[in-house]
Amino acid sequence: MKKIPLLFSIIIPLFFIFGEENTKLPDGFIWPVGGDSIETKLSSLFGESRGDHFHNGVDVSSDNEKVSAIENGTIIYSHYKSDNPFENESGSGNNVWILHANDILSAYYHLKDGRSSEILEKHNIKKGDFIGKTGNTGHSSGSHLHFVIATNQGRKIINPLTILPKVKDTRPPTIGSLILTIGKNKTYINDGDSFNSSNNFPITVDIADAGERKGQRRGIKYIQFMVNNKVYKESNFDELSLSNGIWKNESGLTFNDLFFENNYYIGNLKFLSGDNTISIKAIDFSNNKTEKAFTFYVNKIQKK
Ligand SMILES: [Zn+2]
């Protein structure tokens, strides 16, 4: 899933005909796939790192299962490899887009080959109607549904978890060590450590949302970093908006503000000589909260 801005730039012009912006969210959506075991199948969340961009939807592990429309709507776009067997496969693979009331769009990626005839014939679609089957087409490693909800002609992407039925998640996020990156070397900093520093280096931290299934590592909805008792960075992931070609979340943060080498990026920090404290708060989409504070001693050395 690498080509989101490009994909939207193709699709956005199609949406201008659908009139004025209305951001009121209707209720009554259903999950497109996953059913009763959605909490163990939800493998990837909104706002995670995908190397150089934000993950703009949620992933549900699933193979060859029915994908359903989340609400009544109109199929406005679908693209299958078979439409043009000679083109390079797009990151989204076979995909279908539905426009719902109030300018809400839903998109279903990586569908199995073989477009259902209903997609072409039936313009209007009802909640629960068959869209396709889960597959592994496009940039996908393992069968899953990548599912996107957008509005504002595709220029605002909404965290699906804010409008789809609640998913059980009883396990709080995990917060690992701080990581100081100097060139190719990584130094792990734990509470009580001390180190010498001659310069500012990127500090990151490994945070993951432990899901209901063992070994699950998912993205975090809310993060706050405090440095020496002052809020340094705060990030919430309910939506991503496109402005001047750059995606930002509602805290105004870009991908590079929030991620560095696949870990959450605290910053390029100027430490005080002596004790410094970094406090981290992480909240997952079910409001499970984990807090961790690191106090470490910095011995400032002169730069040669
Ligand atoms: Zn995905």
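This is a predicted model: local features need pLDDT of at least 70, side-chain atom pairs count only at pLDDT 80 or more; totals for chains, interfaces and linings use all residues.
User: What is the phi of Asn102 near?

Analyst: Asn102 belongs to the loop between strand E5 (94-99) and strand E6 (105-111), and it is partly exposed, with 13 other C-beta atoms within 10 Å. Most residues other than glycine have a negative phi. For Asn102, a residue other than glycine, phi is positive, near 60°.

User: Which element gives the most to the side of domain 1 that touches domain 2?

Analyst: The domain assignment gives domain 1 (4-162) and domain 2 (173-300), and 22 residues of domain 1 are in contact with 19 residues of domain 2. Helix H2 (38-41), strand E1 (42-44) and strand E10 (156-158) each supply at least two residues of the side of domain 1 that touches domain 2. With 3 residues, the element that gives the most to this side is E10.

User: Which residues touch the most other members of the largest nonpolar core?

Analyst: In soluble globular proteins, nonpolar side chains tend to be buried together. Here the largest nonpolar core has 56 residues, with at least three drawn from each of domain 1 (4-162) and domain 2 (173-300). The residues that touch the most other members of this core are Tyr108 and Val205.

Terms used
Residues are numbered from 1 along each chain as its sequence is written. Domain bounds come from an automatic or database domain assignment. Two residues are in contact if their C-beta atoms, placed from the backbone, lie within 7 Å. Helices (H or I, at least four residues) and strands (E, at least two) are DSSP runs, numbered from the N terminus. A nonpolar core is a set of buried Ala, Val, Leu, Ile, Met, Phe, Trp, Tyr and Cys residues joined through C-beta atoms within 7 Å. A residue is buried if 20 or more other C-beta atoms lie within 10 Å of its own, exposed if 12 or fewer, and partly exposed in between; C-beta atoms are placed from the backbone.
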